[in-house]
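Reader: I'd like to go through part of this model with you. Could you start with the terms and then take my questions as they come?

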Amino acid sequence: MFKPPLDKIVNTDDLERSARRYLPRMLYDWIAGGAGDESGLRENSETFRRFRFLPRYLRDVSACSISRRVLDRVFSGPLGIAPMGYAGLFRPQAELFFARTAKRHDVPYIMSGVSVASMEAAAEIAGANLWYQLYTTADDAINTDMIRRAEACGCGALVITVDIPVAAKRERDIRNGIDIPPKLSARTILDGLLHPGWTLRYLRTGGLPVMENWAPYLPKGSSGLDVAKFSIEHGYALQTWDHLRRFRQLWPGALVVKGILHPEDARLVREEGADAIIVSNHGGRQFDRAARSIDCLPAIRAAVGPDFPVMFDGGVRRGSDILALLCLGVDYVFAGRAFLYGAAGLGQDGVDRAMEIFNDELSGLMRQIGCFDLDSPSLEAVMIDSFEQTKRHP
């Protein structure tokens, strides 16, 4: 398989192309696709194009800092790795790649509740840089035990994802026969043969991988298919404010609620004792008419106040996207697809390269506009919303 040299990977689109070459179409579409007609997916990224920056020149920009404080800890950068389910299917040990990159760059990695590797294995690498995402299950004993395990292995935060009350309708996946087990056709078999790098790895590692965070709740030796079916049967459980209250009682550390878009939900989350929220429409993967996450920020900030951490996930592709969000008052930013593309197409090197690209673009932009650090109280003054400007001055 052709593997481009890392110096030819200059932006996150290059990482996506490397993954597209490596993966069978049904798996590439699983990462790249969204719900419905994918308008929400497209708008998540396109909305960043309306923001422009106002440079200040004649300043010494030989040094600038991209460090960022959130949840009483200073991280070396403002961008963490978002949770991405079943990453180890696309490239074996992908979740451990994410953990290693998070540790090297001193940023958080939110491990998906439907990961392949275990939280214990990732925590051995990342330590407290590992945050664990809990999907509420129908079995409260499993919920309780997963929280216990996250505490025992030293996870830096527990992230409760609330925006999956039902399974999404993802039309690409339906057409491609994505299911448990996958629906194989002559087309998908041929596609696998045309992507021998992924197919040989898949066969060599025993086929469908076992989701190790779920495996302890099944009989020893259960197959990857058995574990996947079990997780689906117990997932998409009814989730209420009572669950959040119980998780707050069980979890002694930082509690983050992910998937908030409505300002009243944000206010209630704070009242229930959460330590932060992540504003997100699930990357456009749940329903395609969800409000754009970035448009929800002003009302959410007004609802929770200036001192409550508001983080963001969705559509981030450039360092300029990160800076735009920070200028809008976001406390921390997460990105997902770019890192999963890097892992799929290039392994550990691809994940590290994704982080390098984001950080290089961000620090380069900061120097270009005369911005020294990300904690400046006048940070918002370096950006304008060109859409709002056009409305005021047609």
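Author: Let me begin with burial: a residue is called buried under 20% relative accessible area, exposed over 50% and partly exposed in between, using a 1.4 Å probe and protein chains only. This is a predicted model, in which local features need pLDDT of at least 70 and side-chain atom pairs count only at pLDDT 80 or more, while totals for chains, interfaces and linings use all residues. Residues are numbered from 1 along each chain as its sequence is written, and side-chain values use heavy atoms, with hydrogens and water left out.

Reader: Which residues of α16 are buried?

Author: Arg-337, Ala-338, Phe-339, Leu-340, Tyr-341, Gly-342, Ala-343, Ala-344, Gly-345 and Leu-346 are buried in α16. Helices (H or I, at least four residues) and strands (E, at least two) are DSSP runs, numbered from the N terminus. With 10 of the 10 residues of α16 (residues 337-346) buried, this helix is largely enclosed by the rest of the structure.

Reader: And what follows α16?

Author: Gly-347 comes after α16, and its phi is positive, near 70°.

Reader: Switching to strands, which way do β9 and β10 pair, parallel or antiparallel?

Author: Strand β9 (residues 276-279) pairs with β10 in the parallel sense over 3 bridges, where pairing requires that DSSP finds at least two bridges between two strands. Ile-277 stands opposite Val-310 in β10. On its other pairing, β10 joins strand β11 (residues 332-335), again parallel and over 3 bridges, and Asp-313 has Phe-334 in β11 as its bridge partner.

Reader: Where do the β10 side chains point?

Author: From β10 (residues 310-313), Val-310 and Phe-312 point one way, Met-311 and Asp-313 point the other way, and all are buried.

Reader: What about Ser-293, what does it touch?

Author: Ser-293 lies in helix α14 (residues 293-304), and because its relative accessibility is 1%, it counts as buried. Leaving aside neighbours within four places in sequence, Ser-293 is in contact (heavy atoms within 4.5 Å) with Asn-44, Leu-261, Val-279, Ser-280, Asn-281, Phe-312 and Asp-313.

Reader: Last topic: how many disulfides does the structure hold?

Author: The structure holds 0 disulfides, a disulfide being a pair of cysteine sulfur atoms within 2.5 Å. Cys-327 is in no disulfide, and its nearest cysteine sulfur, that of Cys-371, is 7.1 Å away.

Reader: Is Cys-327 buried or exposed?

Author: Cys-327 is buried, with a relative accessible area of 7%, and Cys-371 also counts as buried, at 6% relative accessibility.
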